[in-house]
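User: I'm new to this structure and would like to learn how to read it. Could you walk me through a few features?

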Amino acid sequence: MNHRRVPDDAYLSAMYQLAYGRLADVVGDRVSTGRVLEIGSGLALARLSGHDWWHSDVVSSDGLTLQNVAERLPFQDDSLDALVLKDTWHHIPDIEGFLSEAHRVLRVGGVIAVFDPYWGVLARFVYRFLHQERWDTRAKGWSFDSEDPWDSNQALTYVMLRRDQHVFTARWGNRFALTEYRRHIGPSFLLSGGVSRRTAISGRLLRRMLQWEERRSTWFDHLRFFHVFGLVKR
Ligand SMILES: C[S@@+](CC[C@H](N)C(=O)[O-])C[C@H]1O[C@@H](n2cnc3c(N)ncnc32)[C@H](O)[C@@H]1O
């Protein structure tokens, strides 16, 4: 993965601005203590969008506040306002371990803000057949074996929130309320090749296409590649 190219690429940086902007919207005015932690920050590119959240990842890099796994957070009970995950949810091998830990460290009314792959018609095809990461909608459970932080199941939010929606509600519905459900970023993502396979198509052109896509209403959702949602601690 070459995330270092993001700041210099007109399209990728616009995509990041959009993603972190929407995540900040989900965090919104829930911030009372000022304690917001990003999980799986990678190179902490959220800083480019001006967010002064704490940044964490299981892999060390410059710009991180702490190095830790999502499933064990070094914070006291009820001590954080928000947890932010951009493209990280589907990499967490024990997602219910993370949800338990998130519920412990968030104060009541605090939120987990998530940006992750969506399951529209186009996205399903691309993630399944053209993307280097795994897309497994038939996974038996929600956890998976992981030998490397980049191991993933990109279909994990589909599996949990759509396929197993009733199970999710039964297990987690009394602890979290699902909010702020929106889809983003259309075919411009496919044409760009994404972060790891960036094509030669002009970043400025793709950025204009992205701006056009974001102005479309929900009829466009079946062509979108990502979604953003919040889980508010009850
Ligand atoms: C696709 S990258 C996203 C990085 C960054 N959020 C971005 O969008 O540029 C996923 C990140 O999740 C991290 N990660 C994977 N498993 C993790 C875990 N169990 N706990 C914390 N971070 C994890 C990886 O090291 C990686 O940096």
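User: Which residues does Leu 99 touch, not counting residues up to four places away in sequence?

Analyst: Contact means heavy atoms within 4.5 Å. Here Leu 99 touches Trp 89, Ile 112, Met 160, Phe 168, Trp 172, Phe 176 and Leu 231, leaving out residues up to four places away in sequence. Keep in mind that this is a predicted model, where local features need pLDDT of at least 70 and side-chain atom pairs count only at pLDDT 80 or more, while totals for chains, interfaces and linings use all residues. Side-chain values use heavy atoms, without hydrogens and water, and residues are numbered from 1 along each chain as its sequence is written.

User: How many residues does the largest nonpolar core have?

Analyst: A nonpolar core is a set of buried Ala, Val, Leu, Ile, Met, Phe, Trp, Tyr and Cys residues joined through side-chain atoms within 4.5 Å. Buried means under 20% relative accessible area, exposed over 50%, and partly exposed in between (1.4 Å probe, protein chains only). The largest core has 68 residues, and those with the most contacts inside it include Leu 99 and Ile 185. Helix H1 gives the most to this core, with eleven residues.

User: Where is H1, then?

Analyst: Helices (H or I, at least four residues) and strands (E, at least two) are DSSP runs, numbered from the N terminus. H1 covers residues 10-27. Because 13 of its 18 residues are buried, H1 is largely enclosed by the rest of the structure. Just after H1 comes Gly 28, with a positive phi of about 45°.

User: At what angle do H1 and H7 pack?

Analyst: Axes are lines fitted to C-alpha atoms, for helices over the stretch in contact, and angles run from 0 to 180 degrees between N-to-C directions. H1 and helix H7 (residues 203-215) pack at about 30°, with axes 7 Å apart. That makes the two helices roughly parallel (angles under 35 degrees; over 145 is roughly antiparallel, 65 to 115 roughly perpendicular, the rest oblique). Among the residues making the contact are Ala 14 and Leu 18 of H1, and Leu 206 and Leu 210 of H7.

Terms used
The expected span of a helix is 1.5 Å times one less than its number of residues.
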